[in-house]
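These are my notebook entries on one structure. I looked up aromatic pairs, then the overall fold and the charges.

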Amino acid sequence: QVQLVESGGGLVQAGGSLRLSCAASGITFSSHYMGWFRQTPGKEREFVSSIAWNGGWTYYADSVKGRFTISRDYAKRKVYLQMNSLNAEDTAVYYCAASEAWGTQDYEYKYWGQGTQVTVSS
């Protein structure tokens, strides 16, 4: 059974930091691209960041570039999203996703976690 389970969300003041984690099971973790998306009510899921299957390449949406860092730990089968300098526009449900190929569109990702809420107060 494939499972992606996010954790680490919560309430934080503007300017603060959070680290999200995603625990993967049921997939060959080292062969999948991993991505983070976020969504607010009434809006489509927005691409945030992705990391290559081998960890050698990362990509960020312009809105988070320089503030967020994606990483992965193969031994722990986890992917992380370190979020710094958070602002109110970062408030969303954040989703972890896995794909067998690179992509920035939600439909390109086969597996999804349940999401974790991040709320930034200003």
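I searched the whole structure, a predicted model, for aromatic pairs and found 10. Rings of Phe, Tyr and Trp (its six-membered ring) pair if their centres lie within 6.5 Å; planes under 30 degrees apart count as stacked, over 60 as edge-to-face and the rest as tilted. I noted Phe 37 with Tyr 109, an edge-to-face pair with 5.1 Å centre to centre and 80 degrees between the planes. Phe 37 lies in strand β4 (residues 33-39) and Tyr 109 in the loop between β9 (92-99) and β10 (111-112), so the pair ties together parts that are 72 residues apart in sequence. Both Phe 37 and Tyr 109 are buried, that is, under 20% relative accessible area with a 1.4 Å probe, protein chains only. I also recorded one aromatic cluster, whose members include Trp 57, Trp 102 and Trp 112.

I then turned to the fold. I counted 0 helices and 11 strands in the protein chain, taking helices (H or I, at least four residues) and strands (E, at least two) as DSSP runs numbered from the N terminus. Buried residues make up 42% of the 122 residues.

For the charges, I found the mean positions of the 11 positive and 10 negative ones 8 Å apart. Lys and Arg count as positive and Asp and Glu as negative, without His and the chain ends; the places are NZ of Lys, CZ of Arg, CG of Asp and CD of Glu.

On method, residues are numbered from 1 along each chain as its sequence is written, and side-chain values use heavy atoms, without hydrogens and water. Local features need pLDDT of at least 70 and side-chain atom pairs count only at pLDDT 80 or more, whereas totals for chains, interfaces and linings use all residues.

Notes. Buried means under 20% relative accessible area, exposed over 50%, partly exposed in between (1.4 Å probe, protein chains only).
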